[in-house]
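Hi everyone, thanks for making time for this. I'd like to walk you through a couple of spots in a structure that may be new to you. Let me put it on the screen.

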Amino acid sequence: MTPRFGARCLFCFCNTTLCLLLALFIFWLIFLPKEPKFTVSNASLTQFNFNNNTLYYNLALNITIQNPNKRVGIYYLHIQVIANYRKERFSMVNLTSPPFYQGHKNTTFLHDVLVEGQQSVEFGEHELSQFNSETAAGVYNIDVKLALWVRARYGKLKTADYGSSKIDCKLKVPLSFSEIPATGFNPTKCGNVYVLTSP
């Protein structure tokens, strides 16, 4: 390979790389993808009892999903709800609703997402003390995570499926029908999720 030929190849490679980077930058400027926003708009807890190392629970959630993008749509292929208390997972629910598409600047509501049943859990002395304190107050700190499998649509171009992305919703949920007066549930914004990138 002559020095002149090698320099020409290097010049072509640099030009091609620069053009690709410029095209990606222009694409990003056009679409400016923003992350969807998740809010637990309401939560109702009608049972949260711990007996004989078993947690009995009945939690219903209303979840709001906002797509702030003007040019990017989102396909939600699968959603999983994972509930934890004091870092102990006590439930994992697969939503049975079919996959759905969320258009530009759109808001989607997931109503009455039920997390109910019973689960064996092991609480240490500290966790049990915290549970008893929250029972006395009538309000429980429950960590709900949403695991998402999504696909983005940029104009007519669809991306491949993204792997699981998790959103963290740290909730303070009052026990309904409690004898102890407690304030109602306050809508809670969930932590940022990173599921949209340029294809």
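One term before we start: a strand here is a DSSP run of E of at least two residues, and strands are numbered from the N terminus. Please also keep in mind that this is a predicted model.

Let's begin with Q80. You'll find Q80 in strand β3, which covers residues 72-85. Is Q80 buried or exposed? Buried means under 20% relative accessible area, and Q80 has 13% relative accessibility, so Q80 counts as buried.

And what does Q80 touch, once we set aside its neighbours within four places in sequence? The contacts are M92, V93, N94, K145, L146, A147 and W149. With N94 there is also a polar contact between the two side chains, at 2.8 Å.

Now, on to the rings. There are 14 aromatic pairs in the structure. One of them is F48 with Y85, an edge-to-face pair with 5.3 Å from centre to centre and 75° between the planes. F48 belongs to strand β1 (residues 37-51) and Y85 to strand β3, so this pair ties together parts that are 37 residues apart in sequence. F48 counts as buried because its relative accessibility is 1%, and Y85 counts as buried at 1% as well.

If you zoom out from that pair, you'll see a cluster linked by ring pairs: F48, F50, Y57, Y85, F90, F123, F131 and Y140.

One last thing about Y85: R86 lies over the face of its ring, 5.7 Å from the ring centre.

Notes. Residues are numbered from 1 along each chain as its sequence is written. This is a predicted model: local features need pLDDT of at least 70, side-chain atom pairs count only at pLDDT 80 or more; totals for chains, interfaces and linings use all residues. Side-chain values use heavy atoms; hydrogens and water are left out. Helices (H or I, at least four residues) and strands (E, at least two) are DSSP runs, numbered from the N terminus. Buried means under 20% relative accessible area, exposed over 50%, partly exposed in between (1.4 Å probe, protein chains only). A polar contact is a pair of N or O atoms within 3.5 Å; within protein, one must be able to donate a hydrogen and the other to accept it, and residues adjacent in sequence count only if both atoms are side-chain atoms. Contact means heavy atoms within 4.5 Å. Rings of Phe, Tyr and Trp (its six-membered ring) pair if their centres lie within 6.5 Å; planes under 30 degrees apart count as stacked, over 60 as edge-to-face and the rest as tilted. A charge sits over a ring if NZ of Lys or CZ of Arg is within 6 Å of the ring centre and within 35 degrees of the ring normal.
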